[in-house]
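Walk me through how this chain packs.

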Amino acid sequence: MEYQETALNLIITLGYLGLGLGMALEFTGIPFPGEVALAFAGFMIWKGFMEILPAWGAALAGSWAGSFIAYMIGARLGKPFILRYGRYGGLTPERMQLAENWFAARRALVLLLGRFISGVRPMSSYLAGIAGMPVAPFVVLSFLGTALWCSTFLYLGLLLGANYHKVPGLAGWIGVLFLGLSLGLAGYFWLRRRRFKSTD
């Protein structure tokens, strides 16, 4: 609850800048309730205190900037740095290895749809940097993934209006939905690749 109050106060005090800063924190892995902040911004649009395009632009710019910072940290400082400081957030070497294996096989899906899964959201950018993913595809996939995530929760806040506080409850279900979607797509592409190999 304290994190949520901090997020709302940041937006109330700094407006679009506060929204952008909050999203940057979220995508570098610093605890920040991104979905709540976006939903509140949607509520502020509903009330007429913010405009939709500047709010969306600020959220997207902050999200993408945080994502790119995480990518650069992963690329330049590597796995030892992430493990050293990630342990404070419960990131063990075993979990890190699991995440690396998952990312290696599904990097595009993780960057596109993993934004909707708490924990995967910031970790995916670090993993892209650690794996040495080229900058260009990372930039494109990260932009598309963050744009989809920002748009979804900003619109939910706008749609719910005064009931924007219901978004945290919906976020978990949305995460499950996108996890299922990513698993389904990963399975589809795996079967398709296997079928092509069998015909060679």
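A residue counts as buried when its relative accessible area is under 20%. This model is predicted, so that cut-off is applied here to computed coordinates.

Take Thr28. It sits in the loop that links helix H2 (16-27) to helix H3 (34-47). Its relative accessible area is 16%, so Thr28 is buried. Its side chain reaches back to the backbone oxygen of Leu25, at 3.0 Å.

Now the cores. In soluble globular proteins, nonpolar side chains tend to be buried together. Here the largest nonpolar core holds 27 residues. Those with the most contacts inside it are Leu19, Met23, Leu38, Phe40, Met50, Trp149 and Phe153. Which elements give two or more residues to this core? They are helix H1 (2-14), H2, H3, helix H4 (52-86) and helix H7 (135-160). H3 gives the most, with nine residues.

Helix H6 spans residues 120-130. Nine of its eleven residues are buried, so H6 is largely enclosed by the rest of the structure. The buried residues are Arg121, Pro122, Met123, Ser124, Ser125, Tyr126, Leu127, Ala128 and Gly129. Just after H6, Gly132 takes a positive phi of about 75°.

Conventions:
Residues are numbered from 1 along each chain as its sequence is written. This is a predicted model: local features need pLDDT of at least 70, side-chain atom pairs count only at pLDDT 80 or more; totals for chains, interfaces and linings use all residues. Side-chain values use heavy atoms; hydrogens and water are left out. Helices (H or I, at least four residues) and strands (E, at least two) are DSSP runs, numbered from the N terminus. Buried means under 20% relative accessible area, exposed over 50%, partly exposed in between (1.4 Å probe, protein chains only). A polar contact is a pair of N or O atoms within 3.5 Å; within protein, one must be able to donate a hydrogen and the other to accept it, and residues adjacent in sequence count only if both atoms are side-chain atoms. A nonpolar core is a set of buried Ala, Val, Leu, Ile, Met, Phe, Trp, Tyr and Cys residues joined through side-chain atoms within 4.5 Å.
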